[in-house]
Amino acid sequence: MTEPHPRSDAPGGGTEPPDGGKNGRPVDGPGPQEADLLRHLLRSPGYLKALVFCALIGIPVSLAAFWLLVALHELEGLLWADLPESLGWNAAPWWWPLPLLLVAGIAVGLIVTHLRGAGGHVPASGLTTGGASSAALPGVLLAAVASLPFGAVLGPEAPLIALGGGLALLFRDLAQAPATPQSNTLLGAAGAAAAIAAIFGNPLIAAVLLIEVAGVGGPQLFAVMLPALLSSGVGALVFTGLGRWTGLATGDLSLRLSGPLPRLDAPDVAWAVVIAVALVAVLHPLLVGARALGGYVTARPLVRTVLCALGAAVCAAVYGLATGRDPVEVASSGQATLGGLAADPHAWGVGALIAVLLFKGAAYALCLGSLRGGPVFPALFLGAAAGVLLAPLPGLGVAPAMAAGMAAASATVLRLPVSSVVLVVLLLGSSAMMPVVILAAVVAFIVSELLPPGRPAAH
C-alpha cells in the first residue's frame with residue numbers, strides 16, 4: 001500500500017500549493033497531490049481487490065463470531081443456571097464461583113504455558129489489533145471458553161478481535177495472496193471489525209472502535225478529536241437550552257422516537273464532570289494494579305493464574321454470602337446484569353450497590369491481570385452501578401448519572417473517548433444523554449492521560 005504524502009506543518013494541515021506558497025495564499029484543505037494520491041489508490045487494482053476480499057471475509061468471520069458468542073452464552077447458562085437447578089438449588093449458591101473459577105484458572109494457566117500465542121494478550125494491556133495470527137487462534141479460543149463462561153470478570157471483545165484478525169489472515173494464506181505488512185494490517189483490521197460488530201450489534205461502533213484501537217493518526221488523532229468532541233458536546237447543550245428557553249426551533253436531522261425522553265438540566269451536567277473525576281480516581285489505581293499483576297503472573301503463569309482466579313472467586317462468594325444476592329453479579333462480565341440494573345435500578349439498595357462495586361472491582365482487577373477476555377463490559381457495569389449509587393445527589397437523575405458513569409468508566413479503561421461516546425449512546429438507544437456522555441468521556445480521558453500510567457502489562 002502506498003504511503004500517504006506527508007502533510008505540511010501549516011495550520012490547515014494541507015500540502016504545499018503548486019506555487020510553493022509564494023503568493024501567500026492559505027491552504028485550507030488537502031492539496032492536489034493528496035487528492036491525486038487518493039484517486040490513484042482507489043483506482044489501483046490491488047486496493048480494489050483488497051476491498052472485495054475484505055467484504056468476502058466479513059461473511060465467514062461474522063458466522064464464526066456468532067457461533068462463538070452462542071457457545072459462550074449457552075455454556076454460561078449451563079454452568080450458572082441449569083447445573084445448580086439440576087442439583088436442587090433455585091439459584092447458584094454463594095460458594096458456586098469457587099470450583100468454576102478454579103477450573104478456569106487451571107485451564108488458562110495450562111493454555112498460557114503450553115499453547116502458541118499464550119491464549120491472547122493480557123487484558124490489562126487494553127484492546128489491541130496487533131499480533132493477530134492464525135497459529136494463535138486455537139489458544140485464544142480455548143482460553144476464552146475456559147475464562148468467560150466460568151465466571152471471569154471480562155467480556156468477549158478481545159477474543160473476538162483476535163478471532164476476526166486471525167481468520168482474515170488464515171483466509172489470505174489459503175487464497176495464496178501475497179503477505180505484506182500493509183496487507184496484514186488491513187486484513188487484520190477488517191476481520192476484527194466484522195467480529196466485534198457481532199457483540200455490539202452495530203457496525204458503526206465496530207468501525208469507530210477499530211479506528212481508535214489501531215491508532216490511526218497516532219496522538220495527533222486524539223489531539224484533534226478531543227477539542228471537536230468537547231465543542232460538539234457543549235454546542236449540543238447550548239442548542240438544547242436555547243430551544244427550550246425560547247421555544248424556537250432550527251430544524252435538525254434527529255428522529256422523533258416515541259415515548260418521553262429525559263431532559264438534561266445544569267446539575268446533571270455539573271455532576272457528570274464530578275462523576276467522571278471520581279471514577280478515574282477509583283479505576284485508574286485499579287488498572288495500574290492490574291497491569292502490575294499481569295507482569296507478576298507472567299513470571300509463573302500456571303500457579304499465579306490459579307491464585308488470581310481463586311481470588312476473584314472469593315470476591316464473588318463473599319459478595320453472595322454477605323448480600324444474599326446471586327454471586328454471578330460479581331463473577332461475570334456484567335453484560336446481563338447491566339440490563340437488569342438499567343431496567344430496574346431501584347431494585348438495588350445502597351448496600352448492594354456498594355458491595356458489587358467493591359467486590360466486582362477487585363475481581364475485575366484480578367481477572368484483568370491473569371485470565372483472558374476483554375475489559376469493556378465490566379467497565380460499563382461498574383460505571384452504571386456507580387451512576388445509580390450517586391443518582392440521589394441533588395438535581396441528578398438516574399438516566400444522566402448512569403450515562404455519565406458508563407462513559408467515564410469506558411473512557412478510563414479503554415482510553416478511547418470517541419468509541420466510548422458512541423458505545424454508550426448506542427446502548428442507551430437515544431441521543432438525549434449525549435452531552436453528559438461526551439463531557440464525562442472527555443474529562444475522564446484527559447484526567448486519565450495526565451495521571452502516571454504505571455508499568456505496562458505483560459503480553
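A charge sits over a ring if NZ of Lys or CZ of Arg is within 6 Å of the ring centre and within 35 degrees of the ring normal. In this predicted model, the charged end of arginine 304 meets that rule over the ring of tyrosine 296, at 3.9 Å from the ring centre. Lysine 360 likewise lies over the face of phenylalanine 381, with 5.3 Å to the ring centre.

The protein chain around these residues has 16 helices and zero strands. Of its 459 residues, 46% are buried. Among contacts between residues at least 6 apart in sequence, 77% join residues at least 24 apart. The chain exposes about 21500 Å², and carbon and sulfur atoms supply 68% of that area.

In one of them, tryptophan 89 and tryptophan 96 have ring centres 6.0 Å apart and planes at 65°, so the pair is edge-to-face. Tryptophan 89 is partly exposed, at 32% relative accessibility, whereas tryptophan 96 is buried, at 6%.

The cysteines are a separate matter. A disulfide is a covalent bond between the sulfur atoms of two cysteines. The count here is zero disulfides. For cysteine 315, the nearest cysteine sulfur is that of cysteine 367, 8.6 Å away, while the cut-off for a disulfide is 2.5 Å. Cysteine 367 has its own closest cysteine sulfur in cysteine 308, and at 8.5 Å this is too far for a bond. Cysteine 315 is buried, with a relative accessible area of 11%, and cysteine 367 is buried at 1% relative accessibility.

Note on methods:
Residues numbered from 1 in each chain as written. Predicted model: local features only at pLDDT ≥ 70, side-chain atom pairs only at ≥ 80, totals over all residues. Heavy atoms only, no water. Helix = DSSP H or I, 4+ residues; strand = E, 2+ residues; numbered from the N terminus. Buried < 20%, exposed > 50% of the residue type's maximum accessible area, 1.4 Å probe, protein only. Contact = heavy atoms within 4.5 Å. Areas by Shrake-Rupley, 256 points an atom, 1.4 Å probe, with all protein chains shown as cover. Phe/Tyr/Trp six-rings, centres within 6.5 Å; stacked < 30°, edge-to-face > 60°.
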